[in-house]
Amino acid sequence: MLQSLFSPFLPKHLGIDLGTANTLVHLRGKGILLREPSVIAIDKIDNSILAVGSEAKRMLGRTPANIIATRPLKDGVIADFNQTHRMLKYFIHKIIHHHTFLSQATVIIGIPSGITEVEKMAIKEASQKAGAKHTFLIEEPMAAAIGSDLPVADPTGNMIVDIGGGTTEVAVISLGGIVNHESLRTAGDEIDEAIESYIRRSYNLLIGSRTAEEIKISTGSAYPCSNETEIVIRGRDLFSGLPQAIKLHSGEIREAITEPLNEIVHTIESCLEHTPPELASDIMEHGITLSGGGSLLKGIDTLISSKTHIKTHISPDPLGAVVLGTAKILDESEHNSEFKTMLLRHSEH
Ligand code: ADP
Ligand code: MG
């Protein structure tokens, strides 16, 4: 198997980021071909798939009794194994359908680091069943660091903080390995929930999770900035039961999301405290790198650098970092022994 993997007549390479909020697929030579929400909608009556990805996400919170729209990987664990399997297969087939020559593909999948051995086996199996010839798995923080162009193979400390939908992963990487790692089940989803509950408590107004996410993206911030804004939002009044609109200021949204943001900062601080001094001093020098959709929250880099006193950068493509990392590790492993070892070490599952 290794011989064929590293031979010059290599089958096509497919890199997949199976995230709690979004799934991305990269095809060698073509780039990122798919960026879709990790959501699947099922007809409860005959268990058939109604929609996957963006179309299914639009159904979240809007489904009649016979339809369930779910995020099978929410919280970073595979909450619904069967639907994860179907979703992954659907996404791989979407690419294979357009590129029939891919049926003998080598697939590398970035997986949340908290998942169990059984879940890892299950993901591998789903990939094989979808038509992949070989499947490798890699922990997301490693893929995110590689996709953010950090010098992971060097004898220097690199800190990557990947803030996704369900989980925040903080890792210190040196010499191609994860030296220190902390995973937190607080990320973008909890920020949305904090907004939802603030609006319920303060205005007796019920909003859905999609609206909360939209408020976060358009008006949310982690640190005060010069252009504070206002937003009009609509929801259902708890007492009258009728639709109602209110105006929110960006400052109060920031206040509402303090708790999940503090948890993220504390996890970074705790990881730094457990980092050997030489590596910690490398991180002081080179800074912290943020990836994942959560790093797009306005001012989150300033918040982290103000609390840790370490300069904080955002990855060039925060949402694409993991999938770009999976693609790069496969490519590099052909001629770079450090990457080859890394790939094999991470695939001994
Ligand atoms: P995962 O890896 O878990 O699938 P992603 O890295 O795709 O997660 O990030 C998804 C999270 O990023 C969601 O919580 C989403 O609301 C958040 N997000 C995406 N864009 C922005 C933005 N511009 N501002 C704030 N949060 C964002
Ligand atoms: Mg991710």
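Start your tour by selecting Leu-175, which counts as exposed because its relative accessibility is 59% (exposed means over 50% relative accessible area, buried under 20%, partly exposed in between, with a 1.4 Å probe and protein chains only). You will find Leu-175 in the loop between β10 (168-174) and β11 (177-184); helices (H or I, at least four residues) and strands (E, at least two) are DSSP runs, numbered from the N terminus. Although Leu-175 is not a glycine, its phi is positive, at about 50°.

Before you move on, note that this is a predicted model, in which local features need pLDDT of at least 70, side-chain atom pairs count only at pLDDT 80 or more, and totals for chains, interfaces and linings use all residues. Residues are numbered from 1 along each chain as its sequence is written, chains are lettered from A and ligands numbered from 1 in the order in which they are written, and side-chain values use heavy atoms, with hydrogens and water left out.

**Next stop: Asp-149**

Now pick Asp-149, in the loop between α5 (140-147) and β9 (158-163). This residue also is not a glycine and has a positive phi, of about 65°. Asp-149 counts as exposed because its relative accessibility is 54%.

**Into the core**

Select Met-159, Ile-199, Ile-215, Ile-233, Leu-248, Ile-268 and Ile-288: these have the most contacts inside the largest nonpolar core, which has 39 residues. A nonpolar core here is a set of buried Ala, Val, Leu, Ile, Met, Phe, Trp, Tyr and Cys residues joined through side-chain atoms within 4.5 Å. Helix α9 (residues 258-273) gives the largest share of this core, six residues. In soluble globular proteins, nonpolar side chains tend to be buried together.

Another core, of 27 residues, lies apart from the largest one, with Met-87, Ile-95, Ile-96 and Ala-126 among them.

**A histidine pair**

Go to His-313 in strand β16 (residues 312-314). His-313 counts as partly exposed because its relative accessibility is 35%. Not counting residues up to four places away in sequence, His-313 touches His-286, Gly-287, Ile-288, Thr-289 and Leu-290. A polar atom of the His-313 side chain lies 3.0 Å from the backbone oxygen of His-286.

**The largest pocket**

Show Ala-21, Asn-22, Gly-164, Gly-165 and Glu-213, which lie nearest the centre of the largest pocket among its 44 lining residues. The pocket holds about 960 Å³ of space. (On a 1 Å grid over the protein atoms alone, a pocket is an open set of points with protein on both sides within 12 Å along at least five of seven lines, and lining residues have an atom within 4 Å of a point; points are joined across faces, edges and corners, and a volume is the space filled by probe spheres set on them.) Helix α6 (188-203) gives the most to the lining, with six residues.

Definitions and conventions. Contact means heavy atoms within 4.5 Å. A polar contact is a pair of N or O atoms within 3.5 Å; within protein, one must be able to donate a hydrogen and the other to accept it, and residues adjacent in sequence count only if both atoms are side-chain atoms. On a 1 Å grid over the protein atoms alone, a cavity is a set of points where a 1.4 Å probe fits but cannot get out, and a pocket is an open set with protein on both sides within 12 Å along at least five of seven lines; lining residues have an atom within 4 Å of a point.
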